[in-house]
Amino acid sequence: MLEPGFAMSVVYAISLASLFLLAYFFIRYRERMRHLPPGPWQLPILGYLPWIDAEKPHETLTKLARTYGPVCGIRMGNVYTVLLSDPRIIKQAFAKDACAGRAPLYLTHGIMQGYGLICAEGDRWRDQRKFVSVCLRNFGMVKHDGPKRDRLEKRILDAANECVSKLQQRSRNGPIDPMDTLHHCIGNLVNDLVFGIKYEEDQQVWKWLRHLQEEGVKHIGVAGPLNFLPILRFLPRYGKTIQTILDGKEKTHQLYREIVDEYRARSASTTVENDSFLAAFVEQMKKENVFETRHFTEPQLYHLLADLFGAGTDTTLTTIRWFLLYMAAHPEEQEKVQLEMDRCLETGEEPTLKDRDSMPRLEAALAEVQRLKSVTPLGIPHGTSEETEIGEYIVPKGTMLVPLQWTVHTDPAHWQDPLEFKPDRFLAEDGSFRKPEAFFPFQIGKRVCVGEELARMTLFLFAGRVLRSLSVSIPPNETVDLEGDCGITLFPKPHRLAFVTRRR
């Protein structure tokens, strides 16, 4: 039996040791907190979510960044988030492997389960990004002239010319909303590259796919509370949104299965040209080397096809819609672009990729639209795979990193009169196109948009062909909203424009 005095000594020692441990961990916690980025006061559990404007999250987060500095931290539900708004810091951070992951969002990890390309990370992301990059080069996404590039240019021009023809035809009776025409033509170009198929505009399955994409863009937002508090999905308001997303995902994957089965049946009986992502992926699945095919699975195929179609269509479509809207709202800038084309091209000639260097004003107008109306105003959030330093701060593992694209693109420190439409800011003194450091419309770092060059080719050819053939204006006695709506992307509100055939 222990002596009472000894027992008391043991209890005293344990208590003292516990106090020392608590003090140690408290000091370590305080020390760690001192090394975290600064940020505002927040609520337990919810963090800063209640103060984020659901309709304009980029404006809310911009105010925080301009209050607390280029690296600041908030908690969004259960996800610690660091907001980045300095282009040099973003570039340095996103060049690190530690910052190349995906944020632990319900969308990426709960719904998409890390499949595809956008939501993937680690070995799967590296493997699939390499696959997509190789496919794009094989299709002709290269900067130098050659047969492959010529074939890709023809695929883009076929879609652009169809777009011009339909806009001319449909505007004969007055102003129109160009959304459906643009969506069909740009979407069908992406269909051709992703699936190797094209749809007639009035085919029911194509109408359904276009509608589904439009709804998806509205329902899923980077700053949406569902991403950070998945338990909300059990509430009727959010449960309906989740069910819509899940139903759309399942139905599109079922359609993809049918398209894949048709391709397999066709390729089994005849030689099929390998000029689509679907065809290249299916061929890769046939390889016997397990290491080469471990990420080439049926679930990955369907998610990748959805990513490629969605990202390829939505970003380009949204940019072209904004471009036409700004050209209509600023006729003097539209005239400058058209006069430049008239000087560079002979009568009857249409712009091609070889004309890009000689048409810097068209490139500048497109760039100014991308700056002023960043398609992804919150960028594409990254996630830290390990603790890392960003600027002078320590950022924990599992942090969501948000590159505030809209904040950088409208920062007075980088842009004079940042909210005004001035394409000249992208022109050097000698009149050539210039790209400022604070401009990154296709993201930056290791996860920079893999299809950037394809997007730039498409934007130039669509914008050039439309303005070469048509003048666009806002109908008399009508106004247009240049604010837009924010979902996954920042897209224009419904509007009408007048298209008139140019005399040249």
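Biologist: Why is Glu201 called buried?

Modeller: This is a predicted model, and in it Glu201 has a relative accessible area of 14%. Buried means under 20%, so Glu201 counts as buried.

Biologist: How do you know whether Lys166 is buried or exposed?

Modeller: By the cut-off of 20%. Lys166 has a relative accessible area of 17%, so Lys166 is buried.

Biologist: What makes Lys166 and Glu201 a salt bridge?

Modeller: The closest N and O atoms of Lys166 and Glu201 are 3.2 Å apart. The definition asks for a side-chain nitrogen of Lys or Arg within 4 Å of a carboxyl oxygen of Asp or Glu, so the pair qualifies.

Biologist: Which parts does the pair tie together?

Modeller: Lys166 lies in helix H6, residues 147–170. Glu201 lies in the loop between helix H7 (179–194) and helix H8 (204–219). The pair therefore ties together parts that are 35 residues apart in sequence.

Biologist: Which residues are linked with Lys166 in a network of salt bridges?

Modeller: Glu162, Arg170 and Glu201 are linked with Lys166 in that network. A search of the whole structure finds 28 salt bridges.

Biologist: Why do Glu333 and Lys336 count as a salt bridge?

Modeller: Their closest N and O atoms are 3.7 Å apart. The limit is 4 Å, so the pair counts. Both residues lie in helix H13, residues 331–344. Being three residues apart there, they are separated by about one helical turn.

Biologist: Why is Glu333 called buried, and Lys336 partly exposed?

Modeller: Glu333 has 10% relative accessibility. Buried means under 20%, so Glu333 counts as buried. Lys336 has a relative accessible area of 34%. Partly exposed covers the values between buried, under 20%, and exposed, over 50%, so Lys336 is partly exposed.

Biologist: How do you know that Arg356 and Glu363 form a salt bridge?

Modeller: Their closest N and O atoms are 3.6 Å apart. With a cut-off of 4 Å, the pair is therefore a salt bridge. Arg356 is buried, and so is Glu363.

Biologist: Now the nonpolar side. Which residues touch the most other members of the largest nonpolar core?

Modeller: Val132, Phe323 and Phe462 do, in a core of 85 residues. Helix H12, residues 298–329, gives the most to this core, with 15 residues.

Biologist: What is Val132 in contact with, leaving aside its neighbours within four places in sequence?

Modeller: Val132 is in contact with Leu117, Phe277, Leu304, Leu308 and Val450. Apart from this core lies another, of 29 residues, among them Tyr48, Leu105, Leu378 and Met400.

Conventions:
Residues are numbered from 1 along each chain as its sequence is written. This is a predicted model: local features need pLDDT of at least 70, side-chain atom pairs count only at pLDDT 80 or more; totals for chains, interfaces and linings use all residues. Side-chain values use heavy atoms; hydrogens and water are left out. A nonpolar core is a set of buried Ala, Val, Leu, Ile, Met, Phe, Trp, Tyr and Cys residues joined through side-chain atoms within 4.5 Å. Buried means under 20% relative accessible area, exposed over 50%, partly exposed in between (1.4 Å probe, protein chains only). Helices (H or I, at least four residues) and strands (E, at least two) are DSSP runs, numbered from the N terminus. Contact means heavy atoms within 4.5 Å.
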